Amino acid sequence: MARVSSLLSFSLTLLVFLHGYTAQQFPNECQLEQLNALEPSHVLKSEAGRIEVWDHHAPQLRCSGVSFARYVIESKGLYLPSFVNTAKLSFVAQGQGLMGKVIPGCAETFQDSSVFQPREGRRQFEGQGEEEQSQFRDMHQKVEHIRSGDTIATTPGVAQWFYNEGQQPLVIVSVFDLASHQNQLDRNPRPFYLAGNNPQGQVWLQGREQGPQKNIFSGFGPEVIAQAFKIDLQTAQQLQNQQDNRGNIVRVKGPFGVIRPPLRGQRPQEEEREGNGLEETICSARSVDNLDDPSRADVYKPQLGYLSTLNSYDLPILRFIRLSALRGSIRQNAMVLPQWNANANAVLYVTDGEAQLQIVNDNGDRVFDGQVSQGQLIVVPQGFSVVKRATSDQFRWVEFKTNANAQINTLAGRTSVMRGLPLAVITNGFEISPEEAKRVKFNTLETTLTHSSGPASYGRPRMTTA
């Protein structure tokens, strides 16, 4: 019994110590008295594009425990394979192209059918004759077509590449969950490059002397690489990209010869979504879903706009990375009713148009009251209430949320917290008459989207919904 008591006492002491250490390490990170619409703080230029990085030390990003980046890949640009130390959720804001991931331990399921016949099985190449070797072309892991509106989930340590096969720039924005339990390093984004280099260095890291960021192979001796890959020394040195100054996005010369699937809509029906019977494995789990189709919206009003959510019920891999997303598109003078995120921080990125936002913190202070426009970013911390009103012909945005199944509560509307309160609570809490309390409770019949008409139009409860 004494031994159990000592163990319990030690556990409690350790818990208190760790809690105190965490509090000292990140003191009052979310004591936010003012929010700002953020622009990129660093631009890393490459041969065929650029990477724009937001300052993850900005108070609102520190509070949410994330970092943010935008990748602009020009036509025929190839973002070279890299992996990161955190879970990542990306959104294709513009363009179309190809994406590949290399998941550790998974087989190369994309094979050239003219060479790899099913009856031949998986053979080692060392014993093949010259004629068979000359026929060999390629085999690799899954390649997917991506297009505007796609949301892409990526687990830590998974190498990923992108290729722009369209004519306009391919623009991808990504949120990195630095506070995730899967990040075993510090709260800094750390890309690890398998190819290419970053001549400008990791300029977003504080306290580190900046120099060019090289790929992983650069750190090994050429002879070690040659032995590991069974190649000559000259080829091993080429893998190190020592004299290559093209950056991390390079231009492809000639055709880009990868084994690719048919475009969406051309695939056999039994292979679509969950029909292939393989979704239970990490190697074949779906990691992409499109949020730009209004027919799949959760809230849709032709005169106002639509909202689409993506959580772990729609894309099960999100349960593992603990992130989710929301896509919004509203017309001018439409309003998203005041609401707050119950269990997540939200990182809001504007893809098109402009809107007026007001955000209120736990102290009842308005910490943001201003315009957000295309390319800007703002964080709405957990519990902070926000209202959005479109001020351009169309306002479109994407929100990344730090919970696989983020929940919202609304202040006004048919399913709001005010609608759920008894009239007696409202009349006494706000010192208003029962008639005024009824108007507060029942006037707004919509649940999420409404017209942002002025106070002069308010009167008796309306009998129809928008």
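Modeller: E431 lies in the loop between α8 (423–430) and α9 (434–442). Helices (H or I, at least four residues) and strands (E, at least two) are DSSP runs numbered from the N terminus.

Biologist: Why does E431 count as exposed?

Modeller: The model is a predicted one, in which local features need pLDDT of at least 70 and side-chain atom pairs count only at pLDDT 80 or more, while totals for chains, interfaces and linings use all residues. Residues are numbered from 1 along each chain as its sequence is written, and side-chain values use heavy atoms, with hydrogens and water left out. Buried means under 20% relative accessible area, exposed over 50%, and partly exposed in between (1.4 Å probe, protein chains only). E431 has 75% relative accessibility, and therefore counts as exposed.

Biologist: Why is K76 called partly exposed?

Modeller: The relative accessibility of K76 is 38%, which lies between the buried and exposed cut-offs.

Biologist: What makes the contact of E52 with R70 a salt bridge?

Modeller: A salt bridge is a side-chain nitrogen of Lys or Arg within 4 Å of a carboxyl oxygen of Asp or Glu. The closest N and O atoms of E52 and R70 are 2.4 Å apart, so the pair qualifies. The pair links distant parts of the chain, with E52 in strand β2 and R70 in strand β3, 18 residues apart. Both E52 and R70 are buried.

Biologist: Why is the pair E399 and K401 also called a salt bridge?

Modeller: The closest N and O atoms of E399 and K401 are 3.8 Å apart, so the distance falls within the cut-off. E399, at 4% relative accessibility, counts as buried, and K401, with a relative accessible area of 5%, is buried as well. Elsewhere, salt bridges that share partners join D292, R327, D352 and R396 into one network. The whole structure holds 14 salt bridges.

Biologist: What sets the burial of R190 apart from that of D186?

Modeller: The side chains of R190 and D186 meet in a salt bridge of 2.8 Å, N to O. R190 has a relative accessible area of 17% and is therefore buried, whereas D186, at 34%, counts as partly exposed.

Biologist: What makes L185, F192, I216, F220 and V224 a patch?

Modeller: Patches are made of residues with over 30% relative accessible area and no salt bridge: like charges are joined within 9 Å, and nonpolar side chains (Val, Leu, Ile, Met, Phe, Trp, Tyr) within 5 Å. L185, for instance, has a relative accessible area of 48%, so it passes the area threshold. L185 is found in the loop between β12 (170–177) and β13 (191–193). The five residues together have about 410 Å² of accessible area, from the Shrake-Rupley method with a 1.4 Å probe; for residues, only the protein chains shown count as cover.

Biologist: Why is T450 called buried?

Modeller: T450 has a relative accessible area of 7%, which is under the buried cut-off. T450 is in strand β29 (residues 449–451) and touches residues including L304, N333 and L337. T450 and L337 are 113 residues apart in sequence, yet 6.9 Å apart in space, C-alpha to C-alpha.

Key:
Contact means heavy atoms within 4.5 Å. Lists of a residue's contacts leave out its neighbours within four places in sequence.
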